[in-house]
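Okay, thanks for coming, everyone. I'd like to walk you through one structure today, so let me put it up on the screen.

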Amino acid sequence: MYPYLPHTDEDINKMLKTIGVNAIDDLYSDVPELLNRDLNIPNSISEINLKRSLREKASLNDNIRDFGCFRGGGIYNHYIPSIVYQIGAKRGFLTAYTPYQAEVSQGTLQIMYEFQTMISELTGLEVSNSSMYDGATSVAEAILMAGRINKKYKTLIANTIHPEYIEVCETYLKPQEFNLEKINYDKKTGKINITDLKNKINDEISSVVIGYPNFYGIIEDIEEIREIIPKNILLIVVSNPIMLGAFQSPGKLGADIVVGEGQPLGNAPGFGGPGFGFFSSKKEFIRNMPGRIIGKTIDDNGKEGFVMILQTREQHIRREKATSNICSNHAHNALLAAVYMSIMGRTGIKEIAMQNYHKSHYLYNKLIKTEKFEPVFEGTFFNEFALKSKISIDKINKKLHEQKYFGPLNLEKITGEKNIALFCATELNTKEEIDFICSFLEGII
Amino acid sequence: MKLIFDKSMNGRTGFRIPELDVPKENIDKKYLRKELPNLPETYELEVIRHYDELEKLNHSVDKGFYPLGSCTMKYNPVLNEEIANWENFKFIHPYQEEETVQGNLQIMYELQNYLGELTGMDAVTLQPAAGAHGELTGMLIIKKYLETNGFKNKTKVIVPDSAHGTNPASAKMAGFEIVEVKSNINGTVDIEELKKIMTEDIAAIMLTNPNTLGIFEKDILEISKIAKSNNTLLYYDGANLNAIMGKVRPGDMGFDVVHLNLHKTLSTPHGMGGPGSGTVGVKEFLKDYLPKPIVEKSKEDKYFINYNIKHSIGRVRSFYGNFLVYLKAYIYILSMGSDGLKRASELAVLNANYMKKKMSEYMNMSHEGICKHEFVIDGSFLKEYGVKTLDIAKRLMDFDIHPPTVYFPLIVKEAMMIEPTETESKERLDIVIENFKTIVEEAKTNPDIIKKAPHNTKISRLNELKANKELNIKY
Ligand SMILES: Cc1ncc(COP(=O)(O)O)c(C=O)c1O
């Protein structure tokens, strides 16, 4: 017997008799006999042995809870309150599907409605969907959406957007014959190079994509950029949701679409997935938005309730004419974020954002004092920053690993830049460990 | 039910952060928000109660029968959840050095191989985040392969009228035009019709097999022959693999590219609509086109992440896919084993045929004969009583049954698509079969009770028109 399969031999015999066949194989008489062997997959094993074998594999990993972590680059080490896991583990959420039948999915629908509200509050835009696959695919879909709105097919993207996001955009846009051109950054500030942006703007441009903060942690001047680009060109801002707890919202500064990776909101790093992509825009663009949107309405008795809305944009109705092919999104990760935001509240998330700011600056100042690093940019940064290293970054990381720390990200592997280290500090990095790694690095030659 | 925002009280918080232990850095006020985002101010017990109440408003597999055709709502083992929560899996940064993530990489490597074996494919990418994302990835692979090999003229993709909506949407996103092929009266692809539309410019055919009517495309070998002779590739939508694991493999039937919804056949939970995982497998000749990166094993038995793939279509998402999701699929594969996976498929098919047979005593089926893991009811026979499929769906809720998929596939009038899955017992099926029977009786004798259903849920039928017209999408 298998633990998940209920059928006894007696059940099977009775059922076959009812159907009117002799054996289960008779139910496969229309299938060609092509696989006349067992699958080359091990035979089933018991829970006890399975756990043993997975424990062994798990032991080959080092995790960022046991190790201190100064690494970001798109996935961040934030504290996740215990309640987030406990609520996320509720089977009424975990084992439900898309709320196709609203009357028996009000839990899911209300959570998504609350989630949409919270994301809109952070981004400063009127409408949000109920999640996308990740930050990278959200950017790609935002660019496609802009093209649907203004019927132009060229996008300027800051080359300080996460390099993997740019690669994903290239993959998504190529078949649509959408051109992607990069905007350079200012070598001194790390912000977008305004002259380069001005030079590249023309009538064919559909949208401009900038980071807030960008891949190097630098905060862009959204208002200034908005003033430069003509009204009919859409401004897409890729943001970090934690920063938005305390810093100005991109929507208020003139962004038309705000997207990003939602992992920092209560989601574990999980080796890079799953997290979720968040997606907001101005209300006037809602019919061009990809993904699921939940709306409030009333039932037959006038009681308030929620349903999926604007489904005529979606693939199950519109097929090839849909705004996007996205069907399953990352609803459960959005739930974790909603619980996280509920528990933090507006003052909690502000405090987290401020601590990330202060801790990363404290780390920055201390690292400069070691004289092993030099600043790269002058711009204001949030929770991570790039430094030029005088010592091999791989060596630094090796030494730090011996001390049970994950050091900075070596950008050579990500952007190709030599000797540039991307350091990150969050609310989880204590003064004690920052002091320790800085004095430790001071001693390295 | 009250929204969390209505429960907010200024000055409450559910979390205490340690005091800042470093000196404060100056910050230019122009960067800061003047008004804080309106997130709720509440406290831990309130949040617990809020979500507890919400959980009760959901139907779920754990709560009861969930025969949502095409979506494969099988039981999601708690063991998978427990292991995916271990710190050495959950708290791993994607940019850790390879030496510090050998466990994860080994799991990815082995899973790639298992999924390849299960589908009859030679190489697998774990990157796509859901089924539709896998379809897009697969179609991009096909496109790049054809372009690289001198078939630039191939600009169209054939999709049956019974296919899931994501199929045409994904092919379109990959830059193809869609050609629809009609199903014949048996519910399968019409071979003559197919031959007619198989022009030189056809890049691929996307098929679900068994198809969304639960019928096996028994002419699959011939379809594959027709495609091959036209240099057309065959794409397999693996949402329905739960019918055939260990019995027959898409690769052996002639398919070149396959996506699998791990959140269906391989039991990773649907999570209210995600996260899923839409891994893609390809035959050897397409290996160099997979998205990057891919996990490989060195001669020294070290696992590494290879970014160097010759004709790669590029990246389809950041990092390496939904690791925590496919870890659960990996655990499921090992718990079931090759023997158990095959058994699961056989019993899924047994359950579906048992229900179909018993229910055809009082309901009309879209197609006669044996089905695979799901079957479709043609609800139009209820029309004479003024009852629609949607009404039946709503009435089922009063019996604690989640409605089956309705109005899909589009080619069946008043369609209702039932997929019991292998994790339901004969006793449960017998009860459900009786419940359906009761409802059909009611349709004949007391249709009002059905048209006004559901009666036992906290919320009754919702005004969708109003929701779409008035657009209230946030607090
Ligand atoms: C037949 C079929 N194909 C594709 C999909 C799309 O999968 P996903 O929702 O994971 O994108 C689904 C599920 O919705 C399906 O049932």
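I'll go from chain A as a whole to a helix pair in it, and then over to chain B.

Quick housekeeping: this is a predicted model, where local features need pLDDT of at least 70, side-chain atom pairs count only at pLDDT 80 or more, and totals for chains, interfaces and linings use all residues. Residues are numbered from 1 along each chain as its sequence is written, chains are lettered from A and ligands numbered from 1 in the order in which they are written, and side-chain values use heavy atoms, with hydrogens and water left out.

So, chain A. We've got 14 helices and 15 strands there; helices are DSSP runs of H or I with at least four residues, strands are E runs of at least two, and both are numbered from the N terminus. The C-alpha trace of chain A spans about 80 × 55 × 50 Å along its principal axes. Of its 445 residues, 69% count as buried, meaning under 20% relative accessible area with a 1.4 Å probe, protein chains only.

Now look at helix 12 (residues 331–369) and helix 14 (residues 431–442) of chain A: their axes come within 9 Å and cross at roughly 20 degrees. Axes here are lines fitted to C-alpha atoms, for helices over the stretch in contact, and angles run from 0 to 180 degrees between N-to-C directions. That makes the two helices roughly parallel, the word for angles under 35 degrees. Who's touching whom? On the helix 12 side of chain A, the residues include A:Tyr362 and A:Leu363, and helix 14 of chain A brings A:Ile434 and A:Cys438, among others. Contact means heavy atoms within 4.5 Å.

Over to chain B. Seven strands form an open sheet in the order 1-7-6-5-4-2-3, with mixed pairing; two strands pair if DSSP finds at least two bridges between them. Strand 1 (123–125) and strand 3 (177–181) of chain B each have a single partner, so they stand at the edges with one side lacking a neighbour in the sheet. The twist averages 20 degrees from one strand to the next. Strand 2 (residues 156–160) of chain B runs parallel to strand 3, joined by five bridges; one pair to click on is B:Val157 with B:Ile178.

Last stop: B:Gln112, in helix 4 (residues 102–119) of chain B. Buried or exposed? B:Gln112 is buried, because its relative accessibility is 9%. Leaving aside residues up to four places away in sequence, B:Gln112 touches B:Val124, B:Leu126, B:Ile294 and B:Val295.

Definitions and conventions:
Angles under 35 degrees count as roughly parallel, over 145 as roughly antiparallel, 65 to 115 as roughly perpendicular and the rest as oblique. Buried means under 20% relative accessible area, exposed over 50%, partly exposed in between (1.4 Å probe, protein chains only).
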